[in-house]
Amino acid sequence: MLFSETTSSGQFFGLVPWIVFAPIIGLLINIFAPYLVRWLNQTFKTELVWSETATGLVASLAAGATFVIATLQLISLGQHHEGAIIPVAEWIHVGPLALDWNFRVDSLSTTMMLVVSGVGTLIHIYAIGYMHEDVRFKNDVGRYNRFFVFLNLFIAAMMILVSGDSYLMLFVGWEGVGLASFLLIGFWYDMDTLGRPSWANSNAAKKAFITNRVGDFGFLIAGFLIFSYMGSFQFDTVFAAAPELAHAHPEILLLITVFMLIGVAGKSAQIPLYVWLPDAMAGPTPVSALIHAATMVTAGVYLVTRSAPIFSLSHDAQYIVATVGAVTALFAATIAVGQYDIKKVLAYSTISQLGFMVAAVGMGAYVAGMFHLVTHAFFKALLFLSAGSVILGLERGHHHLAHGHHADHAEVFDPGDMRNMGGLRKQMPVTFWVYMIGTLALAGIFPFAGFWSKDEILLDASRHFPHVYWILTAAAFLTAFYMGRQVWMVFFGEARHEAAAHAQESPLIVTIPLMILAALSALGGFMNLPFAGFHNFAHWLEHTLGEIEVLGLDFAVAGISTLLALVASAFSWFLYLRKPLTSGQPDPLKKPLGLLFVGMENKWFIDEAYQHFILNAYANLSKFLAQTIDWDFWHEWFHNSVIAKNFVGLTRFLADPVDLGVVDNLSKVLADWVQETSQTLREMQTGYVRHYALSVLVGVVAILGYLLLVSR
Amino acid sequence: MNFLFEPLTIVTFFPLLGVLALLLINSEQKTAIRWTALVTALLAFVISLWAFFFSGQYDVAAPGLQLVAKYDWITVAGWNIRYYLAADGLSILLVLLTTFLTPIAILSTWTAIEERVKDFMIFFLMLEIGMTGVFLSQDLFLFYIFWEFTLVPMYFLIGIWGGPRRMYAAVKFFLYTMAGSILMLLAILWLGINLDTFAVPELIGKVPAAAQMLLFVAFTAAFAIKVPMWPLHSWLPDAHVEAPTAGSVILAGVLLKMGTYGFLRFNLPLFPEASIQAAPVIGALAVIGIIYGAAVSYAQKDVKKLVAYSSVSHLGFVMLGMFAMNSLGIQGAILQMINHGLSTGALFLLVGMIYEQTHTRELAVYGGLWKIMPVYGALTLIVTLSSMGLPGLNGFVGEFTILLGAWGAGSGSYGSVWFAALSAIGVILAAIYMLYMFQKMFLGPAGEITKHHPLHDLNWREIATLLPLLVFIFWIGLYPKPFFDLMSPTVDELVKLLSAAALR
Amino acid sequence: MTLELVLFFILAVIAVTTAVGLLTSRSTIYAALHLVTNFVTVAIFYLLLDAPFIALAQVTVYAGAIMVLFLFVIMLLGIENIAGELEWKGLIWPVVMAVILLAEGIFLVVQRIGKNIYVESAGTELSNASTMAKYLFTDYLLPFEITSILLLVAMVGAIVLSKHEKPAKRGLEKTR
Amino acid sequence: MIPVTYYIIFSAVLFSLGTLGVLIRRNSLVIFMSIELMLNAANLSFVAFSRIHESFSGQIFVFFIMAVAAAEVAVGLALIVTIYRSRHTIDIDGMSSLKG
């Protein structure tokens, strides 16, 4: 059952607000410390420096603190399964609306906290090394500090998202992570991904925010429906009222879920709002790993899981969500096959995997979805970070070349393009091995983490929604294929560019987090093995989600998916490594697939379609409204021509014929008479004060006399 | 003589002392003039805080008018005009907003206004008197006098210190507002003659239902132009673009609120039946304004114009909430008035700060400013986010409450689901034009101005100008309870009155 | 005929005589001295009317300050002996009007108020300077303050008016 | 005891004399003094009425009148001085530049 609203004596539950405060303190320190140091230096002639190490250390400590707090929650939950609600302050109390800043600790939120803080901390540490080089390649050392401020901001917002006790507080985090994502995608806002001055990165950032806003629109409408039919935003109250609503107005419940799905589609990059995520790769790689792979994009999955009591009540809702997720999974996988950018492949892969998760939670397989969320966080973060390591390796190689004999600095070099790579396993052994582990996990090869979680989703699908099962299986096949393609292209064969030949391995501060994540990716599956007695994760989530259907291992499903993954890998080997690619050679898939591959390569032209049919249309509409309707018609024509001109015309009419012709003549007669009279009166003015005074006195006497005679 | 020592008289007329002091200062001594004006405005703010919170005479938790100053004024020939100042939950926040924004606006003119500083400051303080008077008058006649009085200083502020087309803008501003107010004056006279009093509290519930519609329309004419509601917004971009920065701040921050406040103070309680009948129309206009303002903003090439049109959108939210006629909507509307004053005021300040350096407001010539002006960029970002309603900042609390009210949550509402849903689209559109503005100015490669013009980041005075606004942006966003507490008792009474009228 | 009444009449005669003296004296100085005497007499009337504060103010303000000011001006301008010629030609109308005015005044007083109104002295309470102060600083505070501003303005005005116009040194600087 | 009416009649006499002075004299200083005489007469009747009505307001008014008179004298004398400087006369008939 859902837990009742008891604040138990769990000793560490009270600490949970600090999971938000810690990163906020961290970011405040990082914002103000440089200014403070500068001030100190000026005032006391000291020579302090707020170094990059200090920045990174503060930010990482803040992130580490959240991990500690999350772990403490885990310990407390071990004793008090029911969790706790920790109130902090009142927020909006108006009329029937009562919203508070309340934190919620239960197994679901703690799972998310652990994932976010754990992966987050590792990525903070990784970023210390990564950004150190990145800011130097891009010639703006000053932005190092800013990066960690944004990263801490993200952690804080994400923690609000996962630990809020109401839909509205979740929404605060929801938008907060959107903001952090906007800031970090646009981190190199004055260039494109290749470092050339351009609007590209800032456009990508804007696109992410606005697309998310479209999703937020759905979230808001769902919120309004929830509040008007269930009278609250607080989770427990809403869930308690849900069954009644399902009975009375099933169509409203369906509407709620559909609008919520729009929100999920925005944040978790599902059809039709996934378009922002590939562009979001414009952000530095740690950002792609943390926000656009491991944590933020899974917020939608978390939302559906959190709203399980609502979604479970409507079979139609489950059907819609599962189908959307599954179609996204397959659709994105096809695009991933046709990409050349190492991070773009991973981005579409992320969309695809998110499709798996959404499909899972849509089907009601919440544990499977959350399980996949966790394992995916490990291996996708790993893959992204390794990709970042690869990119840095290439940058180093390129840099080495540019400062060596070759002086072709002007040549634009894309360190993320897989066509420039090849044979990197020799230059970057650590990165290669961890990348392999990540790939195996993602492809779903036994016994890596991805195998267990994906298998559980497929199993659930095969039981409840067969069409979802088939779509997802196809997607799984493509997953193994494009990952194979990537690994063969990047690490095997011969170097297709001199930079790849001179690539260098990354320093320890970058590789150590990779190794930790690799270990997690390899072993993460063991927290929920499909054997009786090993469903630890399922039982853990049961405390929050209620009774859960536990499935054993179905050898048919597992066998088919593993077999397909192996076949796909072999197939990709056949295409890409049997005859390794050479520099400038077109993709071997291009010829057999023809137009189909052009579609994959160009993301099925969805971006172009959106640009043309929605964005340009809106821009034109607003230009039309602004220029034609508002300015030319309403402002210039109506107000200036019609109103002002007619008014001027009227006044002119009044002035010339009416005033001069009629009124003026009349007044002339009057004026003549006045002049004559005043001529007479003028002569009465002698200019002697005495005479004036005397006349005043005459007046006074007369009035007094009048008073005496008349009044009384 | 006692009326002089009423707290609200002091609150309203205190800046007059500053005006007198300024008259005695040689107009060449600009620094002394600026300091005098600033100190006067600050003292006025302190006095308003004192009157409401520390004088012990204002009970925040109680509904109804308090701190009443009620004296006969013109009582000849059957007229019953009073000097009647009082405050309640509807006006207190707006009065505080006025006294709060005035010193900030004055501080923003420190280096921006160099010519005829003395006249500028005198007009500015006079303007403050007028605005405070509008929010405190409980007598229709007195209200009308203050209402028209604000026009004069604003006219000169635009007409003397404005941009190139200042005379056109000033005259347009004056005439439009005048045109609306004349109808209102007729309605006020009708009320005063037929019902024998001009005092609003005495008029509540007395206006015959048959006459309400006409009166409602007459009042609406004045207020809708001031707000401005679509499609009567044509004067706004002109006035904003031409006005000096401080003028824009006050225009957007306070003067527009006089319109929405008018609806709240007069239209709703005096003509409840008519208001209920007119609610769908007003709601529809508000929704059109929200969408239209947002769309038009997006196409602007001039930053200040963009912000000006965004006001049309934001005030659409206020109107929508108000004519939802439930406590959520109305409280949200009042809070949104404050929010708009803070956020848009701050935006105008920010635009003014860069304009002072570059003398251009063309979006196209900027770009990449964040790199050169990090503090300016960060502050603008926060204000931009507040303006587009990011949760955790003030704009969200207002907009969300309004939308929820308009949706018809809770009892006794006349909102429509469709209005709220369409307005929620405005939230998306707000993100589009606000981010567009932010991107074109701060992100991207360095633009012409950024490359070739020597730019410096904000100095301490400019930061000090913005800081108080930022404090409230966060405060309202995170902990709006004190603000809601100020208004809720009065709003509850108003909602009761409206729902009683609905049953009739 | 009480002693008080005798005093009243003596004083009245002095006052009227000095007033007439003011009208007829050819020297400005003599006119001023007549007026001072008149003021002092009136001050004594105030005392009789139980208004000691006003009486003292009369002596200090009128007889003291104002008249001294007059004398200063007379001497400053050196017009002690410039006699204003009495213009007997145009005298008839002013005198007639003044007499009518006086007649009307007396008639009004007698008709409306009555000939013999005796009011008991209200004692110290009514005439106390502190009572005066109490009124001035409570009910009449605003006029009181305004009076002070008025005096200030008059002072500034008097200085501005009587100041010698110096050749404008800074005139060239003021281009506006 | 003296009837208060006497005072008022007496003040009327003084007032009339003052009026006469204003009308018949040409010396502007003397005219000014006559005006002071009229003010005094008015003051006297104020105090007398204050006595009749047993109200203090009359005296307060006298107080204010004195203050105003002081101001008036200051400005008036300054004016006379200025006029004397420019016209070298204090004769009121010499100042008749208002003639129509």
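Visitor: What should I know before reading the numbers?

Guide: This is a predicted model, where local features need pLDDT of at least 70 and side-chain atom pairs count only at pLDDT 80 or more, while totals for chains, interfaces and linings use all residues. Residues are numbered from 1 along each chain as its sequence is written, and chains are lettered from A and ligands numbered from 1 in the order in which they are written.

Visitor: How many helices and strands does chain A have, and how spread out is it?

Guide: Helices (H or I, at least four residues) and strands (E, at least two) are DSSP runs, numbered from the N terminus. Chain A has 27 helices and two strands. Its radius of gyration, taken over C-alpha atoms, is 36 Å, well over the 27 Å that the globule rule gives for 712 residues, so chain A is more spread out than a compact globule. That rule is 2.2 Å times the number of residues to the power 0.38. Along the principal axes, the C-alpha atoms of chain A fill a box of roughly 125 × 70 × 65 Å.

Visitor: What percentage of chain A is buried?

Guide: A residue is buried if 20 or more other C-beta atoms lie within 10 Å of its own, exposed if 12 or fewer, and partly exposed in between, with C-beta atoms placed from the backbone. By that count, 54% of the 712 residues of chain A are buried.

Visitor: How do the two strands of chain A pair?

Guide: Strands pair if DSSP finds at least two bridges between them. Here β1 (residues 84–94) and β2 of chain A are antiparallel over eight bridges, with A89(A) opposite W101(A). Two residues sit between the strands of this hairpin, and G95(A) takes a positive phi near 50°. As for β2(A) (residues 97–105), seven of its nine residues are buried.

Visitor: Which residues of helix α27(A) are buried, and what covers them?

Guide: R690(A), L697(A) and V701(A) are the buried ones. The face turned away carries exposed residues, including S695(A), G699(A) and Y706(A).

Visitor: Which pair of chains shares the most contacts?

Guide: Two residues are in contact if their C-beta atoms, placed from the backbone, lie within 7 Å. Of the five pairs of chains in contact, C and D share the most. This contact takes 58 residues from chain D and 72 residues from chain C. On the chain D side, α3(D) gives the most, with 20 residues. Chains B and D do not touch, and their nearest C-alpha atoms are 16 Å apart.
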